[in-house]
Amino acid sequence: MAYAFLSIVLSLSIALADEFAPNTFVFDRKELLALKWRIAKGETLGDELHSYRCLIKSADEAMKAGPFSVMTKPTTPPSGDKHDYESLATYYWPCNNATLTPGPKCNLTTGLPWVGVDGHKNPYGDKFDKVPMDAMILNVQYLSTAYFYSGNKSYAKRAALLIRTWFLDALTFMHPNLNFSAIRPGINNRSSSGVVALHNAWIIVESVGFLNGSQAWTVDDQSRLMTWFGKMLHWLRTNPFGQEANDKPNNHGTWSDVLRSSFALYSDHLDVADEVAKRAIEKRIMAQIDQQGQMPFEDLRVNSASYTLMNTRAFFNLARLASFSGVNLFDYKTEDHRGIRLVFEFVIPFALGQQAWPFKEINEDFSWGSAMELFRRAANAYQDPAYEYMIKELPPYKIKEEEYLGSSPDIDPEFLTNMLYPRQFYSD
């Protein structure tokens, strides 16, 4: 066993010699490289080695996944082109559903028009493009991250295949638009809320950064994907639904800025990234955060705790991205002390069970343990070890079933946080 582990360490060390630094934006390049060296030299701290092994298990399962494509959906969008992304509005249901009271305009035969029921996800959307897109993103993240840390070229090769299939290959690619996202049957063929369905796409930008220097990801691949994200950025900025999403004073607006900034940095539209960063103070911090650190538009949701954490993550991402434009959103405070840190500190007593959450949260699977990532990121961003030590006081967090990827149930739900946001503070 010791010999096998030594062999792994030696092979990793050799691989590191000709590796490039990860070209990431949200994930801290310096901290990622430091953890990579600790793993290579067998000098991991705390639970880093266990998290690394969980990552490798997940990547091994991801090797069997996909490829995924918009072309596999059983429907054809209103455009007549299956290359167009298509999804249903998450919280809309047929008006004749047995759990609803039909309104006067409800057609009891067709169930049209669909009606909104906040917080209650309909099952019909699973047949469209959001589920395979999310699966593609998750698998690419496991594979690219595992490649970066292990040097295993098969992970890079598979990650590149999944990316090409979804974004680039002539027979399977997705058009860079969301023209038919969040369809509300009987109402419209699209809505601005569809933009948030893409909110995890920044992970692809980061994942490609992990492939930096890999022979599996060619210069041509990079150039073509940069073009794709440049076109997607153009759609977000010029399409009326993309503009409407960006104008919203809630998580939709914040995630819209995250996407604009991430895509702009990746596709070399630095002027756009600068614009997003400079406007974030007025358009996000001042418009969304009150003097207590609450985000009133998230508090109104029936899953308000879930959306509070979701928007806080968006703010953390936006702050990281803005740093590449020389804008420090992490430390910014208005004259009345509103800022991103205040948002996080508002969450702390509820996450630690010191106070009961005062707003609605109907998601039975919700756990404040899912805030672990935010506590780690806050500890690192603000160089405050107290946030790190609070993590052990969080309630247990069960990993989502779709994130097992068939792996054994000993997968630690915190492993990806430990790999992507390496721990900087230890109490022992």
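## Cysteines

C54 is buried, at a relative accessible area of 3%; buried stands for under 20% relative accessible area, exposed for over 50% and partly exposed for the range in between, with a 1.4 Å probe and protein chains only. This is a predicted model, in which local features need pLDDT of at least 70 and side-chain atom pairs count only at pLDDT 80 or more, while totals for chains, interfaces and linings use all residues. Residues are numbered from 1 along each chain as its sequence is written, and side-chain values use heavy atoms, with hydrogens and water left out.

A search of the whole structure finds 1 disulfide, the term being used for a pair of cysteine sulfur atoms within 2.5 Å. The disulfide joins C95 to C106, with an S to S distance of 2.1 Å. The link of C95 and C106 is right-handed, with 85° about the S-S bond. C95 and C106 each lie in the loop between β2 (92-93) and β3 (115-116), so the pair ties together parts that are 11 residues apart in sequence. Strands here are DSSP runs of E with at least two residues, helices are runs of H or I with at least four, and both are numbered from the N terminus. C95 is buried, with a relative accessible area of 4%, and C106 also counts as buried, at 13%.

## Helices α6 and α9

The axes of α6 (residues 202-210) and α9 (residues 251-266) come within 9 Å and cross at roughly 30°. That makes α6 roughly parallel to α9. Axes are lines fitted to C-alpha atoms, for helices over the stretch in contact, and angles run from 0 to 180 degrees between N-to-C directions. Angles under 35 degrees count as roughly parallel, over 145 as roughly antiparallel, 65 to 115 as roughly perpendicular and the rest as oblique.

The crossing of α6 and α9 is left-handed, meaning that the near helix is turned anticlockwise from the far one by less than a right angle; clockwise would be right-handed. On the α6 side, W202, V205 and V208 meet W255, V258, L259, S262, F263 and Y266 of α9. The residues of this contact divide into 8 nonpolar, 1 polar and no charged. Ala, Val, Leu, Ile, Met, Phe, Trp, Tyr, Cys and Pro count as nonpolar, Asp, Glu, Lys and Arg as charged, and the others, Gly among them, as polar.

## H199

H199 is found in the loop between β4 (180-183) and α6. With 15% relative accessibility, H199 counts as buried. Leaving aside residues up to four places away in sequence, H199 touches W255, L259 and M310, where contact means heavy atoms within 4.5 Å. H199 and W255 are 56 residues apart in sequence, and their C-alpha atoms are 5.9 Å apart in space.

## Helices α12 and α13

The axes of α12 (residues 304-322) and α13 (residues 340-351) come within 10 Å and cross at roughly 150°. The two helices are therefore roughly antiparallel to each other. α12 passes α13 in a left-handed crossing. T308, L309, T312, F315, F316 and A319 of α12 make the contact with I340, V343, F344 and V347 of α13. This contact holds 8 nonpolar residues, 2 polar and no charged.

## S325

S325 has its place in the loop between α12 and α13. S325 is buried, with a relative accessible area of 18%. Residues up to four places away in sequence not counted, S325 touches A273, D274 and A277.
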